[in-house]
Amino acid sequence: MVGRHETRMQAVNDTTASFPTSKRNRLKRRHDRGSYDHEAVFAVLDAGLLCHVAYTFDGQPYCTPTIHWREDGMLYWHGSSASRMLRQLRGGTPACLTVSHLDGLVLARSGFNHSANYRSAMCFGMARIIDEPEEKLKALAGVVDRFYPGRTQTLRAISAQEAKATTVIGMRIEEASAKVRAKGVADDEEDYGHPVWAGVIPVRMVVGAAEPCPRLLPGIVQPENLAGYAEGARLDQALTQAQLAYEGGQ
Ligand SMILES: Cc1cc2nc3c(=O)[nH]c(=O)nc-3n(C[C@H](O)[C@H](O)[C@H](O)COP(=O)(O)OP(=O)(O)OC[C@H]3O[C@@H](n4cnc5c(N)ncnc54)[C@H](O)[C@@H]3O)c2cc1C
């Protein structure tokens with residue numbers, strides 16, 4: 001018999017499916033901008049590298065900016081084993097991980113209707129320390145290969161000391177939501193006659209020119225699989241492409 005846990009895991013790994021909704025993740029404000037589809041949530045997660053993870057310890061909320069990566073319905077992040085917060089996660093704790101992208105500044109004809117174009121995702125689950133050695137090593141390779149597919153094969157292997165010094169946190173996404181605003185100015189009808197400039201100023205995060213390490217060995221050139229990070233490329237698109245290449249290579 002397939003248990004509830006297995007059923008949920010299968011559902012989370014199926015990119016055509018949706019996350020279940022509850023009081024926790026159901027959008028109340030501007031629910032028309034929301035989605036619970038895996039595809040919509042994963043698209044926001046995969047286009048970003050920077051996330052914020054929130055948990056409460058002893059009644060105090062903490063919201064930590066860090067790097068996340070995704071394997072099917074699992075989210076991972078890591079930190080130093082000496083980190084107070086990571087050590088407190090040992091028994092598992094409820095967490096909320098968010099990723100957001102600012103896409104545009106929306107200038108309206110009234111202060112009230114100023115807005116922003118954005119894509120964001122909120123994911124809920126139990127954050128746990130990944131102790132199982134094989135899963136931990138796979139996750140530590142994932143943090144490199146997810147962003148630069150195939151790169152760990154070219155690197156000096158991780159040492160036991162490095163693995164020990166790094167804590168990996170994993171969270172299976174139980175519930176999640178995506179919210180997107182992608183449109184122009186939405187003024188009150190009577191304000192369109194007001195004589196002031198209004199419009200959208202798009203915002204993009206783009207990659208700069210690579211700066212090779214001055215101590216590169218002779219003959220070492222930038223590998224072709226980093227072409228997605230060429231100068232001027234959009235970072236969200238490069239990260240999405242890298243995730244697809246990573247999944248393809250699994
Ligand atoms: C760049 C940016 C700028 C924003 N600017 C504003 C602003 O100026 N004013 C403003 O009111 N809001 C703004 N938002 C939207 C904001 O994130 C919240 O959605 C909004 O404030 C409603 O919060 P709430 O807790 O009342 O939502 P509720 O609808 O009560 O939240 C219920 C559930 O809906 C889901 N949810 C809510 N918000 C989001 C989200 N952003 N992404 C994914 N899931 C979500 C979560 O699962 C949440 O638990 C901005 C978002 C971004 C990314």
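The second largest pocket of this predicted model has a volume of about 380 Å³. Its lining counts 20 residues. Closest to the centre are Ser100, His101, Leu102, Met205 and Leu235. Three elements each supply at least two lining residues: strand E2 (50-57), strand E6 (93-107) and helix H6 (235-249). E6 gives the most, with six residues. By class, this lining has ten nonpolar, five polar and five charged residues.

Now turn to the largest pocket. About 500 Å³ of space lies in it. The lining of the largest pocket is made of 19 residues. Nearest its centre lie Arg151, Val221, Gln222, Pro223 and Leu226. Here the classes divide into twelve nonpolar, five polar and two charged. So which method shows where empty space is left? Rolling a probe the size of a water molecule over the atoms does.

Step back to the whole chain. Its secondary structure comes to six helices and ten strands. The C-alpha atoms fill a box of roughly 65 × 55 × 40 Å along the principal axes. The protein chain has 250 residues, and 37% of them count as buried.

Next come the rings. The structure holds six aromatic pairs. One of them joins phenylalanine 57 and tyrosine 62. Their ring centres are 6.2 Å apart and their planes meet at 45°. Stacked pairs need planes under 30 degrees apart and edge-to-face pairs over 60, so this pair counts as tilted. Are the two partners buried or partly exposed? Phenylalanine 57 has a relative accessible area of 8%, so it is buried, the cut-off being under 20%. Tyrosine 62 has 24%, so it is partly exposed. Ring pairs also bring in Tyr55, linking Tyr55, Phe57 and Tyr62 into a cluster.

Tryptophan 69 and tyrosine 76 form another aromatic pair. This one is stacked, at 5.8 Å centre to centre and 25° between the planes. Tryptophan 69 and tyrosine 76 are both buried. A charge meets a ring as well. The charged end of arginine 70 sits over the ring of phenylalanine 42, 3.8 Å from the ring centre.

Leucine 216 is found between strand E10 (199-202) and H6. How does its accessibility class come out? Its relative accessibility is 42%, so leucine 216 counts as partly exposed; exposed would need over 50%. Leucine 216 can also be set against threonine 98. In sequence, these two residues are 118 residues apart. In space, C-alpha to C-alpha, leucine 216 and threonine 98 are 37 Å apart.

Note on methods: Residues are numbered from 1 along each chain as its sequence is written. This is a predicted model: local features need pLDDT of at least 70, side-chain atom pairs count only at pLDDT 80 or more; totals for chains, interfaces and linings use all residues. Side-chain values use heavy atoms; hydrogens and water are left out. On a 1 Å grid over the protein atoms alone, a cavity is a set of points where a 1.4 Å probe fits but cannot get out, and a pocket is an open set with protein on both sides within 12 Å along at least five of seven lines; lining residues have an atom within 4 Å of a point. Grid points are joined across faces, edges and corners, and a volume is the space filled by probe spheres set on the points. Ala, Val, Leu, Ile, Met, Phe, Trp, Tyr, Cys and Pro count as nonpolar, Asp, Glu, Lys and Arg as charged, and the others, Gly among them, as polar. Helices (H or I, at least four residues) and strands (E, at least two) are DSSP runs, numbered from the N terminus. Rings of Phe, Tyr and Trp (its six-membered ring) pair if their centres lie within 6.5 Å; planes under 30 degrees apart count as stacked, over 60 as edge-to-face and the rest as tilted. Buried means under 20% relative accessible area, exposed over 50%, partly exposed in between (1.4 Å probe, protein chains only). A charge sits over a ring if NZ of Lys or CZ of Arg is within 6 Å of the ring centre and within 35 degrees of the ring normal.
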